[in-house]
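Please look at the model below before reading on.

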Amino acid sequence: MSNADELLVDVAAMVESEQSNQMSLTVVTGGAVITGRLAPEAVWRQRVSEILRDSDRLGPFSGVFTHDEPQDQDRPARGEPPTHLHFHVARILQGSMGIPETGGMYRVAIKDVSGWTVGDFSYSDS
């Protein structure tokens, strides 16, 4: 999509303003289906930083997610509408399974979402 879906931007803005991580969403982007819960960007960045910090090989990258440098091109200034969705406990759907099974952390540009629905998909063995 060349223009971001205004309703999806409103959903992302509400997640950001409420500092909530309970909004479940499924999106189609770049041919992939991603399902999970949205988190405010600051919460998402902090969690990714913690995960990286605990890694022997990736620890040096943890600071990239928590530094307080000037806004970059992809980050909206305060008061501006969000430009990205920040998923946690998320999976990429493939066939009858989600990858990874335990859920991952994904950042998706809102302008790249071609379809979406409220809620996430769960799997069962039956």
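In what sense do β1 and β5 pair, and over how many bridges?

## Pairing of β1 and β5

The model shown is predicted. In this model, β1 and β5 are joined by five bridges, and their pairing is antiparallel. Leu25 has Val118 of β5 standing opposite. Strands of a sheet pair through backbone hydrogen bonds, in a parallel or an antiparallel way.

## The sheet as a whole

β1 and β5 belong to an open sheet of five strands, which follow the order β4-β3-β2-β1-β5 with antiparallel pairing. Its edge strands are β4, covering residues 97-109, and β5, covering residues 113-118; each of these pairs on one side only. On average, neighbouring strands in the sheet are turned by 35° against each other, with direction ignored.

## Helices across the sheet

Helix α1, residues 6-18, lies across β1, β2 (32-38), β3 (84-94) and β5. Helix α1 runs at about 60° to β5.

Helix α2, residues 41-53, lies across β3 and β4. The angle at which helix α2 runs to β4 is about 125°.

## Ser24

Strand β1 spans residues 24-29, and Ser24 lies in this strand. Is Ser24 buried or exposed? Its relative accessible area is 18%, and buried means under 20%, so Ser24 counts as buried.

Which residues is Ser24 in contact with, leaving aside neighbours within four places in sequence? They are Gly36, Arg37, Val118, Gly119 and Asp120. One of these, Val118, is the residue of β5 that stands opposite Leu25.

Technical notes: Residues numbered from 1 in each chain as written. Predicted model: local features only at pLDDT ≥ 70, side-chain atom pairs only at ≥ 80, totals over all residues. Heavy atoms only, no water. Helix = DSSP H or I, 4+ residues; strand = E, 2+ residues; numbered from the N terminus. Buried < 20%, exposed > 50% of the residue type's maximum accessible area, 1.4 Å probe, protein only. Contact = heavy atoms within 4.5 Å. Pairing = 2+ DSSP bridges. Axes fitted to C-alpha atoms, helices over the stretch in contact; angles between N-to-C directions.
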